[in-house]
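Q: Could you walk me through what the labels on this model rest on? I'd like each one set against its cut-off.

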Amino acid sequence: MNANDLQTTLDSLIATWENEVVEFKQAGDGFSTNDIGKYFSALSNEANLRGIEKAWLVFGVNNESRTVVGTGYRPEPERLQSLKMQIAENTAPGVTFRHIHELDVSARRVILFEIPPAPRGMPIAWKGHYYARAGESLTNLGLDKLDSIRQQTLATDWSAQIVANASLGDLDPVAIQRARAAFILKHANRFTPDEVEEWSDSTFLDRAKLTQGGKMTRTAILLLGKPESAYLLSPHPAQMTWKLVGEEQAYEHFSLPFMLNTSLLYQRIRNIQLRLLPFDELLPYEVSKYDQKIVLEALHNCIAHQDYSLYGRIIVTEKNDRLVLENVGSFFEGKPEDYILNEKTPHRYRNPFLVQAMAELNMIDTMGYGIHQMHSKQAERYLPMPDYDVSDTNSVSLTLHGGVVDPAYSQLLMQEEKLTFESVLALDRVQKKLKISDDVIKQLRRDKLIEGRKPNLHVAARIASATSSKADYIRTRSLGDGYYKKLITEYLEKFSKASRKEIDDILYEKLSDVLSDKQKKTKVGHLLTQLRMADIIYNAGSKAAPEWRLTRVK
């Protein structure tokens, strides 16, 4: 909103005055954050019940005279905006202000806190307590209102459905204990470990929002159920599949309980150490091929956002240099890129009951931070950014890279510690030959981060010291896949066929010296695969002794 829109909004709010979805306070700098959290819970819940898209908490207006008097609350912008995180950390599910607006009214400062409605089926709690409004007064959320919100999705939320004839005996005791430990970690500021351990299993499951009044839900079975209890979710497959493809092939299916088996699936992934050599240095950086936190974040997101009504399973495909995670169902709100810069918070969830339970067990967050964290973590490891494919309306595919795409990109990240996150994202698109805007191209050129002409842009390799020569620069720079593919096709045009060894001999000396022999072999394999998939070349020999030829001889 601009200043005129904010002034119009403020005038309208004052004219209608306080009600269940608007609260005015004069508020000084020391106004209690705990009280703000209570109002947030109450106003958010009331906005949900009334079908209103936003509620308002306004500072700087006198409650008796109904006039603007100004507020001294958190005058520093950074401190004011940090309130968002404080609210998110103590609400369940973890939501916060949509926006915090500041408005100058005749030299008097007014703050308008824009509060989103509670998600359908998910009342908002502040430090474990649900709040509501009775006219202008703050009160506890009564059972009638609590039930009204929770029942909003019972008919549509697959994960909230009660499972007939299911009982505590259908849950895995080890999974329940793991869930308790995760709950204790998540809510360390609310409950002591001894307090949580004293709860009965039934009480704990209700408090963790896995069950409803002691009744088993599909969420409880999915996350904590025994393997033999999977039939209770039939015909919906409660299954994750790990599949290894390439020179070696293998697969394994993982059923219930998902709370435990995501870690078992992760352990199947071959996670070697990568050695990344900074330019002009002898000691390499070592990073794991895949970061455990990133993989589990991605896998837990698949579980949370899967469309179980489509009767699909979650598939994790391990390739030589990447993982591909797939879940059925479209990307539910917005686009993946909306969340990369950490600027969007989801308003809705496909499986709100499941999402809330997973948040209680510290498996996911509900603020949309996960995608941003996966990207920033990959940047810290000098590896390519994750890639989302949402072109299929019935599935979402996420690729996690476990190797270098362009050595110049990784070296640049190692050398330039002050690169902005936006620049890293743009450089990642450059190395993957993806489109970027002309404005971004200009900025990258000004910063001397890219070279070449559209569409053949490439990341600029940096000379790390004054003693580094131009020859070193050329020797370590990646020349682009198009260049290498042209060498292969020109050789085949001249000699009609080539063995893998002959192609290796052609390319190895041209490839960047930053790559190891194993990486060079993998790179050549990818180039041949890309040419074959494009129907430019074919293998007239065998897998063990390939004989590459042009598909169409000129």
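Q: What do the buried residues of H10 pack against, and what makes that a contact?
A: They pack against helix H6 (173-186), helix H9 (218-224), strand S11 (240-244), strand S12 (250-254), helix H11 (292-305) and strand S15 (314-318). Contact here means heavy atoms within 4.5 Å. Helices (H or I, at least four residues) and strands (E, at least two) are DSSP runs, numbered from the N terminus. The buried residues of helix H10 (residues 258-268) are Phe 258, Met 259, Leu 260, Asn 261, Thr 262, Leu 265 and Tyr 266.

Q: Before we go on, what sort of model is this, and how are residues numbered?
A: It's a predicted model, where local features need pLDDT of at least 70 and side-chain atom pairs count only at pLDDT 80 or more, while totals for chains, interfaces and linings use all residues. Residues are numbered from 1 along each chain as its sequence is written, and side-chain values use heavy atoms, with hydrogens and water left out.

Q: Why is Gln 26 called partly exposed?
A: Buried means under 20% relative accessible area, exposed over 50%, and partly exposed in between (1.4 Å probe, protein chains only). Gln 26 has 42%, so partly exposed is the label. You'll find Gln 26 in the loop between S1 and H2.

Q: What makes the Gln 26 and Asn 62 side chains a polar contact?
A: The rule wants a pair of N or O atoms within 3.5 Å; within protein, one must be able to donate a hydrogen and the other to accept it, and residues adjacent in sequence count only if both atoms are side-chain atoms. The two side chains come in at 3.2 Å, and the pair counts as a polar contact.

Q: Why are Phe 183 and Phe 191 called stacked?
A: Rings of Phe, Tyr and Trp (its six-membered ring) pair if their centres lie within 6.5 Å; planes under 30 degrees apart count as stacked, over 60 as edge-to-face and the rest as tilted. This pair has 5.9 Å centre to centre and 20° between the planes, so stacked is the label. Phe 183 is buried at 1% relative accessible area, and Phe 191 is buried too, at 9%.
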